[in-house]
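Student: I have a structure open and would like to go through it with you. Could we begin with the overall picture and then turn to individual residues?

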Amino acid sequence: MAATADETEEHTDASDAAQAPRRRPGRIALAVSVFGELLITAGVLLGLFVVYSLWWTNVIADRKADREADKVRDHWAHAADSGPGALDTKDGIGFLHVPSMRNGEVLVEKGTGTDVLDDGVAGYYTDPGKATLPMTGKKGNFTLAAHRDGHGAKFHNIDKVEKGDPIVFETKDDWYVYKVYSILPETSKYNVKVLSQIPEESGRKKPGHYITLTTCTPVYTSEYRYVVWGELVRVQKVDSKRTPPAELRG
């Protein structure tokens, strides 16, 4: 049966449409497409960087800190003598315990540079006039720093600390029990007065046995510093079982 004229015309139009070359996207559309792909790639890379910075560095730092902590405790267990000559060790001087931070025990080492803090520990300031180790028995300020995010984030929950909370520093021979008496949620990172041996910004005007914890704030930034001050309330000798003070058993 012969095709009608209308059917023949429709078939011709369809063939022409099928054979006609597709129009290429314009320059603007192409640029938008490329830009979108770049944004997706950048987003993926940024996500991986965040995972690395806030999770994987914690894993690595915690592993190293645990190894160093084991070395310190092993050193204590096998040390034959005590006294000033045995207070400091190659790997650390003791352990910081702050129950309200919920961060377990934190190894304390010498120095506050990234080469120290990145290993998942707390470090004590060594600048003249900024640190007095409690083991010396001298009045002064035991000043410490640790990361708040990444690399172990040992002071991540510093904002959970409240006045009256205990801070305990453990050495080979003694437990030094401090009580938090003042908190400064934000101050300039250049404010070194918070580390003074008599921390007047905390409200104290006379020499005493103080401890100061410092870290970055707000969370995930390093724009300012968060400061917590404590004052020594007692020293408890370490017994054969290393029974912790009541403040750590509550």
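**Overall picture**

Tutor: The protein chain exposes about 15000 Å², of which carbon and sulfur atoms supply 55%. Accessible areas come from the Shrake-Rupley method with a 1.4 Å probe, and for residues only the protein chains shown count as cover. This is a predicted model, in which local features need pLDDT of at least 70, side-chain atom pairs count only at pLDDT 80 or more, and totals for chains, interfaces and linings use all residues. Residues are numbered from 1 along each chain as its sequence is written, and side-chain values use heavy atoms, with hydrogens and water left out.

Student: How many helices and strands does the protein chain have?

Tutor: The protein chain has 3 helices and 8 strands. Helices (H or I, at least four residues) and strands (E, at least two) are DSSP runs, numbered from the N terminus. Along the sequence the pattern reads α-α-β-β-α-β-β-β-β-β-β.

Student: And what share of the residues is buried?

Tutor: Of the 250 residues in the protein chain, 39% are buried. Buried means under 20% relative accessible area, exposed over 50%, and partly exposed in between (1.4 Å probe, protein chains only).

Student: What about contacts between residues at least 6 apart in sequence?

Tutor: Among those contacts, 61% join residues at least 24 apart. A contact means heavy atoms within 4.5 Å.

Student: Let us pick a residue. Where is Thr217, and is Thr217 buried or exposed?

Tutor: Thr217 belongs to strand β7 (residues 209-217). Thr217 is buried, with a relative accessible area of 7%.

Student: Which residues does Thr217 touch?

Tutor: Leaving aside residues up to four places away in sequence, Thr217 touches Arg148, Pro185, Glu186, Ser222, Glu223, Tyr224, Arg225 and Tyr226. With Arg148 there is a side-chain polar contact of 2.9 Å. A polar contact is a pair of N or O atoms within 3.5 Å; within protein, one must be able to donate a hydrogen and the other to accept it, and residues adjacent in sequence count only if both atoms are side-chain atoms.

Student: What does Arg148 form with Asp159?

Tutor: Arg148 forms a salt bridge with Asp159, the closest N and O atoms being 3.2 Å apart. Both residues lie in the loop between β4 and β5 (166-170), so the pair ties together parts that are 11 residues apart in sequence. Arg148 counts as buried at 4% relative accessibility, whereas Asp159 is partly exposed at 37%. A salt bridge is a side-chain nitrogen of Lys or Arg within 4 Å of a carboxyl oxygen of Asp or Glu.

Student: Why do such side chains pair?

Tutor: Side chains of opposite charge can pair when their charged atoms come close.

Student: How many salt bridges are there in the whole structure?

Tutor: A search finds 11 salt bridges. One of them joins Arg204 and Glu231, at 2.9 Å from N to O. Arg204 lies in the loop between β6 (174-188) and β7, and Glu231 in strand β8 (residues 224-237), so this pair ties together parts that are 27 residues apart in sequence. Arg204 is partly exposed at 26% relative accessibility, and Glu231 is partly exposed with a relative accessible area of 26%. Salt bridges that share partners also join Arg73, Glu105, Glu170 and Arg242 into one network.

Student: Which ring does Arg204 lie over?

Tutor: Arg204 lies over the face of Tyr181, 3.8 Å from the ring centre. Likewise, the charged end of Arg73 sits over the ring of Phe95, 4.1 Å from its centre. A charge sits over a ring if NZ of Lys or CZ of Arg is within 6 Å of the ring centre and within 35 degrees of the ring normal.

Student: Changing topic, how many aromatic pairs does the structure hold?

Tutor: The structure holds 5 aromatic pairs. In one of them, the rings of Tyr124 and Phe142 have centres 6.5 Å apart and planes at 50°, so the pair is tilted. Tyr124 lies in strand β3 (residues 122-124) and Phe142 in strand β4 (residues 140-145), so the pair ties together parts that are 18 residues apart in sequence. Both Tyr124 and Phe142 are buried. Rings of Phe, Tyr and Trp (its six-membered ring) pair if their centres lie within 6.5 Å; planes under 30 degrees apart count as stacked, over 60 as edge-to-face and the rest as tilted.

Student: Which residues do ring pairs link into a cluster?

Tutor: The cluster consists of Tyr124, Phe142, Phe169 and Tyr176.
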